[in-house]
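Hi,

Here is the structure I promised to pass on. Have a look first, and then read my notes below.

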Amino acid sequence: MKYPIMKVLAINGSPHMDEGNTALILNPFLEGMKEEGSDVETLYTRKLKIGPCNGDMSCWFKNPGECEQKDDMQMLLPKIREADVIVWASPVYYAGITGPLKNLMDRQLPLYLQGGQEAKRQKAVLVSTCGAWELSMFDPLLLQMRAVYTRPDGSSDFAGALLRPMADGMKEMIKAGETRLVEGVFQAAREAGRQLAREGRISEELQAQVSRELMPRDAYYKAAEMMMQQAQKHMTK
């Protein structure tokens with residue numbers, strides 16, 4: 001069965017781009033969408049020049065729907081407007097998304113003021129990783145994303161979140177040859193992409209599979225302490 005082609009815009013806010021932990025979840029998710037025929041484009045905030053919103057309200061009153069700043073948002077705003085799905089991808093360093101990605105999100109305001117037109121109905125997905133074991137570390141970010149993308153006017157839908165705690169441990173498990181559980185996480189992320197393309201949503205079951213526990217809390221933090229010590233030695237050489 002063929003499904004309508006979705007135009008997907010993924011924005012990766014990790015400073016490590018494709019080498020970071022966030023890409024470990026984002027990339028198989030996007031591959032799953034491609035397998036179902038979605039048109040996927042990925043951009044990286046590290047490669048973009050986007051200033052913060054200066055709060056002068058010129059896009060409201062002076063030039064409605066147009067920001068006076070001349071940077072990469074001029075290229076990006078049309079892509080955001082045309083997308084059926086926006087995938088926001090970011091590590092959690094300090095209770096939220098990375099600074100460059102937040103700047104980009106803030107600069108979307110002109111979209112809702114262009115010629116008085118409503119933005120097209122879109123679906124938003126969050127992909128995020130953190131170094132902590134606790135899934136609750138994502139709570140502030142998840143609350144914000146749901147608030148932004150579950151609008152009373154029905155112009156957007158929050159379609160799901162792929163959250164991966166203890167992300168640093170995944171790479172270490174792969175290095176150690178303990179790949180079975182990690183591969184299960186990647187497979188769940190890929191299937192989540194397929195499901196979103198087919199059904200327009202990601203089930204709670206698949207979201208939970210991406211976030212599944214890979215090792216007991218105490219064991220993880222003991223291993224994390226050793227990793228931190230090794231990293232410190234490497235940086236002080």
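In what order do the five strands of the open sheet run? The order is β2-β1-β3-β4-β5, and the pairing is parallel. Strands here are DSSP runs of E with at least two residues, helices are runs of H or I with at least four, both numbered from the N terminus, and two strands pair if DSSP finds at least two bridges between them. β2 (39–44) and β5 (156–164) are at the edges with a single partner strand each, so one side of each has no neighbour in the sheet.

Before going on: this is a predicted model, where local features need pLDDT of at least 70 and side-chain atom pairs count only at pLDDT 80 or more, while totals for chains, interfaces and linings use all residues. Residues are numbered from 1 along each chain as its sequence is written, and side-chain values use heavy atoms, leaving out hydrogens and water.

Back to the sheet: β4 (residues 122–129) pairs with β5 in the parallel sense over eight bridges, and Leu 126 sits opposite Ala 161 in β5.

Now the salt bridges (a side-chain nitrogen of Lys or Arg within 4 Å of a carboxyl oxygen of Asp or Glu). The count comes to 16. One of them joins Lys 123 and Asp 157, with the closest N and O atoms 3.6 Å apart. Lys 123 is in β4 and Asp 157 in β5, so the pair ties together parts 34 residues apart in sequence. Another links Lys 34 to Glu 31 at 3.5 Å, N to O; both lie in helix α1, three residues apart.

Cheers
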